[in-house]
Amino acid sequence: MSLPVFVHPGPFTGAGTVTLDGPEGRHAVSVKRIAVGEQIMLIDGRGTHATVTVTATRGKDALMGEVVEWGVDKPARPRVTVVQALPKAERSELAVDLATQAGADAIVPWQAERCVAKWVGPKAAKGVAKWEAAATAAAKQSRRTRIPEIHQPMTTAQVAEFIAGRTALVLHEEAATPLREIDLDVDEIVVLVGPEGGIGREELAQLGAQTVRLGPEVLRTASAAMVALSAIGVLTGRW
């Protein structure tokens, strides 16, 4: 059984003691009921991880432990960035959760033309914060040592500039080329997931990216990235 995971800023690069406090410490002590003698895994969200044996707890929000072993996971190749059109509220964090579970390295909120959700003004900062929390929770649940970076929201024009010069693939139900026919032997791939209403022709032309088909089914915007990442995982060395 894998160890419970908590986020810690580090560093933990050798034998020694470490303290976990704050919200993560409270979650470990008060929610997960981690006790003396148990082992946990700490991650810094950037690939470094440590196995820690708990030696003491303090109050309801802190524990201390000894580092048993530590290591650094290499970044996956190709690196996959998901440009996710903003889903409706009830599916917004779900899209991030599923993409994180499937291994996304970074996620870009995309204010596509046909998005029902609108991140305007204070909503943008609130939306990014919610996506960051969803990514962190999903990374811990799936035992990842790297937490996906959540970018600031982008318009279609900004996305077009962002993907220029990169291998960018737009998931599109009318595409003639299946994903398996794309050369994925690259350092980075950007996967673009449109909104529930689809991507308009003019917007697609503005992006200037290759359209690809995942399969015969039309996927929901919240699950499309996860399916794409799964396919890329088996078609490359990521898995």
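Q: Which residues have the most contacts inside the largest nonpolar core?
A: In this predicted model, local features need pLDDT of at least 70 and side-chain atom pairs pLDDT 80 or more, while totals for chains, interfaces and linings use all residues. Residues are numbered from 1 along each chain as its sequence is written, and side-chain values use heavy atoms, leaving out hydrogens and water. A nonpolar core joins buried (under 20% relative accessible area, 1.4 Å probe, protein chains only) Ala, Val, Leu, Ile, Met, Phe, Trp, Tyr and Cys residues through side-chain atoms within 4.5 Å. The largest has 49 residues, and those with the most contacts inside it are Val83, Trp110, Val159, Ile163, Val191 and Leu192.

Q: With which residues is Val191 in contact, leaving aside its neighbours within four places in sequence?
A: Contact requires heavy atoms within 4.5 Å. With those neighbours set aside, the partners of Val191 are Val80, Thr81, Val82, Val83, Leu169, Leu171, Ala228 and Ile232.

Q: How many residues are in the second, separate core?
A: Nonpolar side chains tend to be buried together in soluble globular proteins. The second core includes Phe6, Phe12, Ile34 and Leu63. Its residues number 14.

Q: How far apart are the end C-alpha atoms of residues 20-61?
A: An unreviewed UniProt entry places the feature "domain: Ribosomal RNA small subunit methyltransferase E PUA-like" at residues 20-61; such annotations may be inferred rather than shown by experiment. By DSSP runs (helices H or I, at least four residues; strands E, at least two), this stretch is 24% helix and 40% strand. The distance between its end C-alpha atoms is 8 Å.

Note on methods. Buried means under 20% relative accessible area, exposed over 50%, partly exposed in between (1.4 Å probe, protein chains only).
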